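Dear colleague,

Please find below the sequence and structure that I am handing over to you. A summary of what was found follows them.

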Amino acid sequence: MSIWWSLHLRREAASVPLARRFLLGTMESAGVDPDISFDLSLALSEACANAVEHGGEQRGANVAPGDCDPWDAWDSWSEQSGTTSGQYWVTAYLDGEKCRIEVADSGPGFPTRRVLRTAEQPHAHQPPAHQPQPLPPLSAEDGRGLCLIQQLADHVHFANRPGRGAVVSFDKVLKWREGALLMVS
């Protein structure tokens, strides 16, 4: 069995715990080990918080609402301003022994000058120009979310959808509770 769900959320702080609880409930029902569920829910919270904080103000006069990809099928549900900058999308797949989560927004995307490492790419194999930026200082109030996602997930991918925002995708191999009734297979 596979489980798939997608949420279309407003860029509001209240949407972050909603997405997290939805994921936790799904994983508990499926019988996923609580430690794995916690790691993925924390990574999801960080990705959602980034979408809420940074995921808007992208769509403007240069992109016509009808000139879109399938993500833009949701454009009819928009802020009063008529833009998609007030929303983001969360999709989760539990399939076999893996959970994959994607969070997409309609913001400006990741800066091109900042190359982010995927969990599959160790530092030693990257040329010097592509080294990830160091962690922010301990006194910084923000800036650790993407690094935290990399530590909690097995594979991470950060990408830009040209003219349409950023996508953070991550996955993790699942472990199951003993006696789980609904194991995804």
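**Salt bridges and the sheet**

R100, E102 and D171 are linked in a network of salt bridges. Please note that the model is a predicted one. The count of salt bridges comes to three.

Two of the pairs involve R100. The side chain of R100 meets that of E102 in a salt bridge, at 3.4 Å from N to O, and the side chains of R100 and D171 also form a salt bridge, at 3.4 Å from N to O. Because D171 belongs to strand β5 and R100 to strand β3, this second pair ties together parts that are 71 residues apart in sequence. With regard to accessibility, D171 is buried, its relative accessible area being 6%. E102 is likewise buried, at 16%, whereas R100, at 27% relative accessibility, counts as partly exposed.

A further salt bridge joins K172 to D39, with 3.7 Å between the closest N and O atoms. This pair links distant parts of the chain, since K172 lies in strand β5 and D39 in helix α2, 133 residues apart. K172 has a relative accessible area of 10% and is therefore buried, the limit being under 20%. D39, at 22% relative accessibility, counts as partly exposed.

Five strands make up an open sheet in the order β1-β2-β3-β5-β4, and their pairing is antiparallel. Its edge strands, each pairing on one side only, are β1 (residues 2-10) and β4 (residues 155-161). From one strand to the next, the twist averages 10°.

Helix α2, which spans residues 34-54, packs on this sheet and touches β2 (87-95), β3 (98-105) and β5. The direction of helix α2 makes about 175° with that of β5. Helix α2 and strand β5 are also the elements that hold D39 and K172 respectively.

H157 stands opposite S169 of β5.

With kind regards

Terms used
Residues numbered from 1 in each chain as written. Predicted model: local features only at pLDDT ≥ 70, side-chain atom pairs only at ≥ 80, totals over all residues. Heavy atoms only, no water. Pairing = 2+ DSSP bridges. Helix = DSSP H or I, 4+ residues; strand = E, 2+ residues; numbered from the N terminus. Axes fitted to C-alpha atoms, helices over the stretch in contact; angles between N-to-C directions. Contact = heavy atoms within 4.5 Å. Salt bridge = Lys/Arg side-chain N within 4 Å of Asp/Glu carboxyl O. Buried < 20%, exposed > 50% of the residue type's maximum accessible area, 1.4 Å probe, protein only.
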